[in-house]
Amino acid sequence: MVPAMFIFGDSLIDNGNNNNLPSFAKANYFPYGIDFEGGPTGRFSNGYTMVDEIAEQLGLPLTPAYSEASGEEVLHGVNFASAAAGILDITGRNFVGRIPFNQQIRNFENTLDQITDNLGADNVAEAIAKCIFFVGMGSNDYLNNYLMPNYATRNQYNGQQFANLLIQQYNRQLNTLYNLGARRFVLAGLGIMGCIPSILAQSPTSRCSDDVNHLILPFNANVRAMVNRLNSNLPGAKFIYIDVYRMFQDILSNSRNYGFSVINRGCCGIGRNSGQITCLPFQTPCSNREQYVFWDAFHPTEAVNIIMGRKAFNGDKSAVYPMNIEQLANLDLEPNEQKP
C-alpha cells in the first residue's frame with residue numbers, strides 16, 4: 001500500500017536499537033520474544049509490537065532496526081525507536097544509553113542519504129511523500145522523567161505546563177520531519193499508564209492510579225489539537241492521531257470480550273502485580289500469554305499489540321482521528337509542496 005514505514009518511538013515499538021548500547025533498557029534476552037519467530041530481538045514483548053502488525057497490514061516486511069538495517073533493506077522503512085527515549089533529550093537518563101527523539105530524527109537523515117544514493121535525488125521526495133511516518137513518543141517523558149523523584153521537573157511544572165512544554169518541542173520535531181519530506185504522519189497518543197503493573201504495584205489495593213491517568217490527559221489533548229493545527233498549516237501533509245488511551249481503556253473494560261482473563265499483572269515480572277521488578281533473563285513467564293493484557297511491568301502482550309495495530313489500521317473514529325492508517329495510505333498528497 002505504501003513503499004515504506006519509518007518508525008520513531010520508545011520501548012513500546014523498539015525492535016533492537018538498544019541492543020548494543022550501554023543501557024539498562026534492553027530486551028534482547030529470553031523470555032522476551034518467546035512467541036516471536038526470531039526469538040529475542042530487542043522487542044519489549046513476547047512477540048509482535050503494534051508497528052509489526054501495522055507493517056503486516058500495509059503489506060510491508062517487518063521494519064528493520066536502524067542499528068541493523070543496511071543496503072536495500074532501508075527502502076521498505078527503518079525503525080528508529082529506542083527504549084527509555086523521550087521527546088526531551090534528558091528523559092530516561094536513569095537507563096544511561098538511549099536514543100532520544102532528536103537523535104532518532106538525525107538517524108533518519110542518515111537513512112535518507114542512503115535512500116538518495118539508491119533512488120537518486122529526483123525520485124526521493126516523491127517516494128518519501130508516499131511513506132508512513134509512525135511516531136509514538138511521550139510515555140518516558142512521564143514515567144522516566146516527570147514521575148521520577150531524582151528529576152526536578154515536577155517541581156518546575158504542573159501537569160498542564162509540562163504537557164505544553166512537551167508539545168512545543170514535539171511540534172518542532174515533527175516540523176523537522178516535514179521539512180525532510182515526510183507527509184503521512186501517524187501520531188500515537190499515550191495509553192492508560194496509571195493501570196500498568198509497575199504503577200499498580202505501588203498501590204496497596206492494586207488499583208489504577210487516577211493521578212497518573214489524569215496527568216497524561218493534557219498531553220493527549222495537546223497532541224490532538226496539534227494534529228488539527230499541523231493539518232491546517234503544513235501544505236500537502238496529513239496527520240492522524242491514534243487514541244491509544246481509549247483503545248486500552250476499551251480492552252481493560254471489556255477484557256472478557258477480547259479473550260483476556262488477567263488484566264492487573266504482568267505475565268513476566270516479580271513482586272506485587274508482577275510489576276515491582278520487570279521480566280528478568282531466563283525467568284519463566286506465564287504459559288497462558290494470550291489471556292494476559294500485560295507482558296511485563298510496562299508493556300502489553302503481543303495479543304494486545306495486534307488488536308491495537310488492527311484498530312489503528314482500519315478502526316473507526318473511536319480509535320483514530322480524523323482517519324485510519326488504511327485511509328491515510330490511500331490518500332493523494334502532493335509531494336513537492338513546501339512549507340511557505
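The stops below give what to select and what is there.

This is a predicted model, in which local features need pLDDT of at least 70 and side-chain atom pairs count only at pLDDT 80 or more, while totals for chains, interfaces and linings use all residues. Residues are numbered from 1 along each chain as its sequence is written, and side-chain values use heavy atoms, with hydrogens and water left out.

**Whole chain.** Show the C-alpha trace: along the principal axes, its atoms fill a box of roughly 60 × 45 × 40 Å. Colour by secondary structure to find twelve helices and ten strands (DSSP runs, H or I of at least four residues and E of at least two, numbered from the N terminus). Of the 340 residues, 59% count as buried (under 20% relative accessible area, 1.4 Å probe, protein chains only).

**Asn 18.** Select Asn 18, in the loop between strand E1 (5-9) and helix H1 (50-58). Is this residue buried or exposed? Asn 18 counts as buried because its relative accessibility is 1%. Beyond neighbours within four places in sequence, its contacts (heavy atoms within 4.5 Å) include Ser 23, Lys 26, Gly 97 and Arg 98.

**H6 and H8.** Next select helix H6 (residues 159-179) and helix H8 (residues 210-233), whose axes come within 9 Å and cross at roughly 35° (lines fitted to C-alpha atoms over the stretch in contact, with angles from 0 to 180 degrees between N-to-C directions). Show side chains: among the residues that meet are Leu 166, Ile 167 and Tyr 170 in H6, and Phe 219, Val 223 and Met 226 in H8.

Conventions: Buried < 20%, exposed > 50% of the residue type's maximum accessible area, 1.4 Å probe, protein only.
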